[in-house]
Amino acid sequence: MKPLKTTLTVLLFSLLLQACVYEDEFETSHGSSEKYDWNERYEKTHTPDSKLHLYLPTTPNAAPSPLILILPGGCYAYHAKDYEGTNWVPFVLKSGYAAAVLEYNLPWGNPDSPIDHVNRTISYLKNTSELNIDPEHIGIMGFSAGGHLASLISTQTDKDSRPAFQVLFYPITSMEDKHTNTFTHKVCRENLLGTSPSSSLKAKYSSYLNIDPNTPPAFIAVGNKDNTVSVENSYAYIDALTQNNIKNTIIIAPKGDHGYIEWSNLTNVRQTLRKWLTDQLSPEENQTTQKEAH
């Protein structure tokens with residue numbers, strides 16, 4: 001494994017993740033977060049024309065809920081909305097957040113389409129009072145290409161519209177040739193940017209090149225044996241975050257591949273992430289990045 005140039009937390013757990021990736025109609029599923037076991041699969045209400053699936057607490061007159069918006073992967077060609085979407089809803093609810101799973105617009109060479117869709121969705125979540133969502137604590141979670149989209153929202157939107165934090169699983173963070181060195185990654189880039197993107201277009205949609213002081217804190221989980229999206233994408237993103245003094249945590253599964261890794265220690269990863277998510281709600285939140293010898 002290439003040594004990281006920056007200081008970061010390396011938690012060597014094995015984890016299960018599923019590999020990677022339509023409009024603005026909303027489905028709301030109500031339920032108390034206390035009724036869900038965080039390892040339990042949650043079956044969403046099936047409404048064929050729904051694109052944003054909301055899972056909100058039902059406690060009347062409760063304080064506004066923090067929320068995590070989940071973006072499934074699928075190489076910008078489809079949505080892995082179970083493994084990288086609704087399967088994570090119980091975990092999010094148990095962690096004290098409301099949840100939303102978005103089947104965002106697919107780009108087919110128009111990269112602004114999914115970005116605009118996510119931005120409109122975040123605006124809807126922030127400004128729809130009957131949802132009772134805390135607009136200051138809306139985070140974003142993305143997987144693979146969905147992780148790329150989450151990182152774009154975290155680095156390229158107006159600072160007042162950015163999420164409070166970002167959780168990225170085995171993300172794409174670069175469209176540059178040096179990081180786009182697998183067949184699947186090249187297909188994802190073609191789906192997003194077209195067949196012959198210019199160097200400037202590749203740079204524009206390489207989120208690791210666009211991190212600034214307004215980028216929110218990041219939690220990244222990645223497998224070191226990922227042959228679908230090079231782990232260098234995560235390393236480059238973490239390096240850039242650290243250079244900009246953005247708090248970050250990375251978990252590296254030493255033998256993990258893209259998507260499915262291992263069931264055995266998934267609980268450890270989720271427990272670590274749950275603690276991190278709890279920290280995001282605390283005004284005393286004071287994470288540090290550090291390097292563990294291994």
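Predicted model: local features only at pLDDT ≥ 70, side-chain atom pairs only at ≥ 80, totals over all residues.
Numbering starts from 1 along each chain as its sequence is written. Local features need pLDDT of at least 70 and side-chain atom pairs count only at pLDDT 80 or more, while totals for chains, interfaces and linings use all residues, and side-chain values use heavy atoms, without hydrogens and water.

The protein comes to 7 helices and 9 strands, taken as DSSP runs (helices H or I, at least four residues; strands E, at least two) numbered from the N terminus. Of its 294 residues, 59% are buried, that is, under 20% relative accessible area with a 1.4 Å probe, protein chains only.

Now the inside. The largest nonpolar core holds 73 residues, with Leu67, Leu69, Val118, Met141 and Leu273 having the most contacts inside it. Such a core is a set of buried Ala, Val, Leu, Ile, Met, Phe, Trp, Tyr and Cys residues joined through side-chain atoms within 4.5 Å. Helix H6 (residues 232-243) gives the most to this core, with 6 residues. Beyond its neighbours within four places in sequence, Leu273 is in contact (heavy atoms within 4.5 Å) with Trp88, Phe91, Met141, Val167, Phe169 and Phe219.

Then there's the pair H2 and H3, whose axes (lines fitted to C-alpha atoms over the stretch in contact) come within 10 Å and cross at roughly 65 degrees. So H2 is roughly perpendicular to H3, a label covering 65 to 115 degrees. The residues making the contact are tabulated here.

| Helix | Range | Contact residues |
|---|---|---|
| H2 | residues 112-127 | Pro114, Ile115, Val118, Asn119, Ile122 |
| H3 | residues 145-156 | Leu149, Leu152, Ile153 |

Note on methods: Buried < 20%, exposed > 50% of the residue type's maximum accessible area, 1.4 Å probe, protein only. Axes fitted to C-alpha atoms, helices over the stretch in contact; angles between N-to-C directions. Parallel < 35°, antiparallel > 145°, perpendicular 65-115°, else oblique.
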